[in-house]
Amino acid sequence: MSQDELTRSLQQAPPGPPRSNAEALQQYWEQAGLDGEPPAVEPVRTVDTGEWNTTIQPECMAEQGFPTTQDEHGQAGISFDLSQEDDLKRATYICMAQYPLDEKYLRPYSLEQLQVLYDWRVNHTIPCMQADGVFPPEPPSFETFVAEYAATGYKHWSPHTEVEPPPEVQATLGESTWCPDAPPQDVLYADE
């Protein structure tokens, strides 16, 4: 496929995940199955995905009465009684509304971003896995990678979906930090 054909296939992609914070909040409220209208929440500021995951979400949820704890494997989570489930969902909604993601993270990837992501996985993620003795199957072609994303609006190949990290990695690092699946945000979003 030529660059023009790949670009056209991306432009014709079906709608995928929400493309704005308002859509994301509405979708979350509906999927959470909460009754009534969502609360009115004044945004504090936009954040990036790394900040949301490591700092903002845990701090905001703690302010809402749901502190994050770590289990014996170092995995973060929120302990709550089942009777608090709706309160937890409302607290999550409030945090999402107070600290919305920069909308660049909600937009579909461009062809250039898909190339950066694909190249990262082939040139960094797979060699990292192989250095740890894990050998994922051959990656798809770039054209297949783009076609899958274009067909769904969100799905794309990752070597992480095809292998398990070694036990020692699971016990120490955790799967989310082993052989990063994406380049740093300043690389993936260099043109933003």
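The disulfide between Cys-60 and Cys-95 is left-handed, because the torsion about its S-S bond is about -95°. The model is predicted: local features need pLDDT of at least 70, side-chain atom pairs count only at pLDDT 80 or more, and totals for chains, interfaces and linings use all residues. Residues are numbered from 1 along each chain as its sequence is written, and side-chain values use heavy atoms, with hydrogens and water left out.

**Disulfide Cys-60 to Cys-95**

- A disulfide here is a pair of cysteine sulfur atoms within 2.5 Å, and by this rule the count comes to 2.
- The sulfur atoms of Cys-60 and Cys-95 are 2.1 Å apart.
- Cys-60 belongs to helix α3 (residues 49-63) and Cys-95 to helix α4 (residues 85-98), so the bond ties together parts that are 35 residues apart in sequence. Helices (H or I, at least four residues) and strands (E, at least two) are DSSP runs, numbered from the N terminus.
- Cys-60 is buried at 2% relative accessibility, and Cys-95 is buried at 0%. Buried means under 20% relative accessible area, exposed over 50%, and partly exposed in between (1.4 Å probe, protein chains only).

**Disulfide Cys-128 to Cys-179**

- Cys-128 and Cys-179 form a disulfide with their sulfur atoms 2.0 Å apart.
- The S-S torsion of Cys-128 and Cys-179 is about -80°, so this disulfide is left-handed.
- The pair links distant parts of the chain, 51 residues apart: Cys-128 is in helix α5 (residues 111-131), while Cys-179 is in the loop between α7 (167-172) and α8 (185-188).
- Cys-128 is partly exposed, with a relative accessible area of 28%, whereas Cys-179 is buried at 3%.
- With the bonded cysteines of the chain numbered in sequence order, the pairing reads 1-2, 3-4.

**Helix α4**

- Helix α4 has 14 residues and spans 20 Å from its first C-alpha to its last, close to the 20 Å expected at 1.5 Å a residue. The expected span is 1.5 Å times one less than the number of residues in the helix.
- The buried residues of α4 are Leu-88, Lys-89, Ala-91, Thr-92, Tyr-93, Ile-94, Cys-95, Ala-97 and Gln-98.
- These buried residues pack against α2 (21-32), α3 and β2 (76-78), where contact means heavy atoms within 4.5 Å.

**Aromatic pairs**

- The whole structure holds 8 aromatic pairs. Rings of Phe, Tyr and Trp (its six-membered ring) pair if their centres lie within 6.5 Å; planes under 30 degrees apart count as stacked, over 60 as edge-to-face and the rest as tilted.
- One of the pairs is Tyr-118 with Phe-142, which is edge-to-face at 5.5 Å centre to centre and 65° between the planes.
- Tyr-118 in helix α5 and Phe-142 in helix α6 (residues 142-152) are 24 residues apart, and their pair links distant parts of the chain. Both Tyr-118 and Phe-142 are buried.
- Phe-145 and Trp-157 have ring centres 6.3 Å apart and planes at 80°, so this pair is edge-to-face.
- Phe-145 sits in helix α6 and Trp-157 in the loop between α6 and α7, 12 residues apart.
- Phe-145 is buried at a relative accessible area of 0%, and Trp-157 is buried at 7%.
- Ring pairs join Tyr-118, Phe-142, Phe-145 and Trp-157 into a cluster.
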